[in-house]
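This report goes through one protein model part by part. Look at the structure first, then read the sections below.

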Amino acid sequence: MNNYNHIEIDPKELAGKRVLVTGGTKGGMGEAIVKRLTKAGATVITTARTTPDELKNTELFIQADISTVDGTVKIVDYILERFGGVDILVNNVGSSSTPTGGVLKQTDADWQRTFDTNLFAAVRLDRGLIPPMLKQGYGVIIHITSIQRRFPGENTMAYSAAKAALANYSKALATELAPKGIRVNSIAPGFTETKAAERLIERMAQERGCTYDAARQSLMDSLGGIPIGRTARPEEVAEMVAFLVSDRASYIVGAEHTIDGGIVRTL
Ligand SMILES: NC(=O)c1ccc[n+]([C@@H]2O[C@H](COP(=O)([O-])OP(=O)(O)OC[C@H]3O[C@@H](n4cnc5c(N)ncnc54)[C@H](OP(=O)(O)O)[C@@H]3O)[C@@H](O)[C@H]2O)c1
């Protein structure tokens with residue numbers, strides 16, 4: 001195991017920064033990113049479809065379905081009205097819910113929903129929140145893609161294609177906005193053991209009558225193995241986000257950063 005818990009965080013590094021992280025609940029990467037950037041002193045607003053019971057600061061939470069036009073409009077309007085914009089935008093939400101069984105099982109509606117969630121949500125939020133960034137001549141945008149954009153999954157071809165489109169869009173946006181003081185980058189995680197991933201592994205273990213560890217191993221094997229020997233923790237992805245949104249990364253523009261323990265073998 002590494003020494004992640006000993007990493008020192010500067011509590012003032014992001015002081016005064018307004019941040020939006022989409023999908024910051026339910027023990028996923030978004031939640032880890034919210035916690036990490038909050039520890040660095042930022043004011044972090046988050047969104048989800050379900051309002052968490054334990055919500056402490058309602059001003060920093062927006063209930064909205066990000067895969068719809070209405071959902072993104074609601075988020076943008078709220079942020080412009082209450083905060084005048086954000087300095088940092090982390091487009092974290094993304095998922096695949098297409099049926100298994102191959103290409104013929106995947107309907108137009110499945111493809112559309114997947115692209116709405118994984119591509120258009122980010123395009124719409126960026127478009128709504130870039131104007132105040134342009135006005136202040138400063139901003140940072142992160143898109144969370146996936147290694148699947150280069151390594152398409154067996155039953156997740158729509159998701160992989162949407163993430164490929166997101167990475168491509170992110171690069172074009174970075175080129176357009178860099179001269180105006182806005183840095184855009186993307187992050188491609190590998191197999192990250194979020195609460196949702198844990199539930200998936202538990203379900204697989206139950207269905208196959210094997211242990212949790214055996215089910216996790218078979219998922220790792222289906223990826224061709226993970227050279228580092230384990231899955232990622234959401235906090236490890238959050239650490240990369242914390243670096244990329246900070247001024248420590250002031251010259252990093254238009255790059256996709258893979259964080260996968262070595263799963264993708266190609267350069
Ligand atoms: N986990 C992995 O192994 C992995 C690997 C590669 C890439 N990624 C990418 O990393 C990002 C984070 O994934 P994760 O696994 O950490 O996610 P997660 O655990 O599934 O968390 C999802 C979060 O997003 C919210 N959410 C989901 N759909 C939403 C919608 N339509 N509108 C608004 N909020 C929504 C959820 O709340 P509600 O359900 O209440 O809406 C929750 O807050 C995604 O872009 C994913 O594609 C994940």
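## A network of salt bridges

Arg216 is partly exposed, with a relative accessible area of 22%. Here buried means under 20% relative accessible area, exposed means over 50%, and partly exposed lies in between, using a 1.4 Å probe and protein chains only. The model is a predicted one, in which local features need pLDDT of at least 70 and side-chain atom pairs count only at pLDDT 80 or more, while totals for chains, interfaces and linings use all residues. Residues are numbered from 1 along each chain as its sequence is written, and side-chain values use heavy atoms, with hydrogens and water left out.

The side chain of Arg216 meets that of Glu193 in a salt bridge, at 3.0 Å from N to O. This pair links distant parts of the chain, since Arg216 is in helix 6 (residues 212-222) and Glu193 is in the loop between strand 6 and helix 5 (195-208), 23 residues apart. A salt bridge is a side-chain nitrogen of Lys or Arg within 4 Å of a carboxyl oxygen of Asp or Glu. Helices (H or I, at least four residues) and strands (E, at least two) are DSSP runs, numbered from the N terminus. Glu193 is buried, with a relative accessible area of 12%. Glu193, Asp213 and Arg216 are linked in a network of salt bridges.

## Other salt bridges

How many salt bridges does the structure hold? The count is 11. One of them joins Arg149 and Glu256, whose closest N and O atoms are 2.6 Å apart. Arg149 lies in the loop between strand 5 and helix 4, and Glu256 lies in strand 7, so the pair ties together parts that are 107 residues apart in sequence. Arg149 is partly exposed at 29% relative accessible area, and Glu256 is partly exposed at 22%.

Glu236 and Arg233 form a further salt bridge, with the closest N and O atoms 3.6 Å apart. Glu236 is buried, with a relative accessible area of 15%, whereas Arg233 counts as partly exposed at 23%.

## Aromatic pairs

A pair of aromatic rings is described by the distance of the centres and the angle of the planes. Rings of Phe, Tyr and Trp (its six-membered ring) pair if their centres lie within 6.5 Å; planes under 30 degrees apart count as stacked, over 60 as edge-to-face and the rest as tilted. By this rule there are 2 aromatic pairs. In the pair of Tyr78 and Phe83, the ring centres are 6.4 Å apart and the planes are at 55 degrees, so the pair is tilted. Tyr78 is buried, with a relative accessible area of 19%, and Phe83 is buried at 16%.

The rings of Trp111 and Phe115 have centres 6.2 Å apart and planes at 25 degrees, so this pair is stacked. Both residues lie in helix 3 (residues 108-136), 4 residues apart, which is about one turn of the helix. An α-helix has 3.6 residues a turn, so residues three or four places apart point the same way. Trp111 is partly exposed at 28% relative accessible area, whereas Phe115 is buried at 18%.

## Helix 4

Helix 4 (residues 157-177) has 21 residues and reaches 30 Å from its first C-alpha to its last, close to the 30 Å expected at 1.5 Å a residue. The expected span is 1.5 Å times one less than the number of residues.

Among the buried residues of helix 4 are Tyr159, Lys163, Leu166 and Leu173. What covers the buried residues of this helix includes helix 3, strand 5 (139-144), strand 6 (182-189) and strand 7 (256-259).

## Around the ligand

Which residues come nearest to the ligand? Of the 27 residues around the ligand, these are Thr25, Met29, Thr50, Asn92 and Tyr159; a residue is near a molecule or strand if one of its heavy atoms lies within 4 Å of it. An oxygen atom of the ligand is 2.7 Å from an N or O atom in the side chain of Arg49. For the side chain of Lys163, the distance from a ligand oxygen to an N or O atom is 2.9 Å.

A ligand oxygen is also 2.6 Å from a polar backbone atom of Asn92. Asn92 lies in the loop between strand 4 (88-91) and helix 3, and counts as buried at 10% relative accessibility.

Technical notes
Contact means heavy atoms within 4.5 Å. A polar contact is a pair of N or O atoms within 3.5 Å; within protein, one must be able to donate a hydrogen and the other to accept it, and residues adjacent in sequence count only if both atoms are side-chain atoms.
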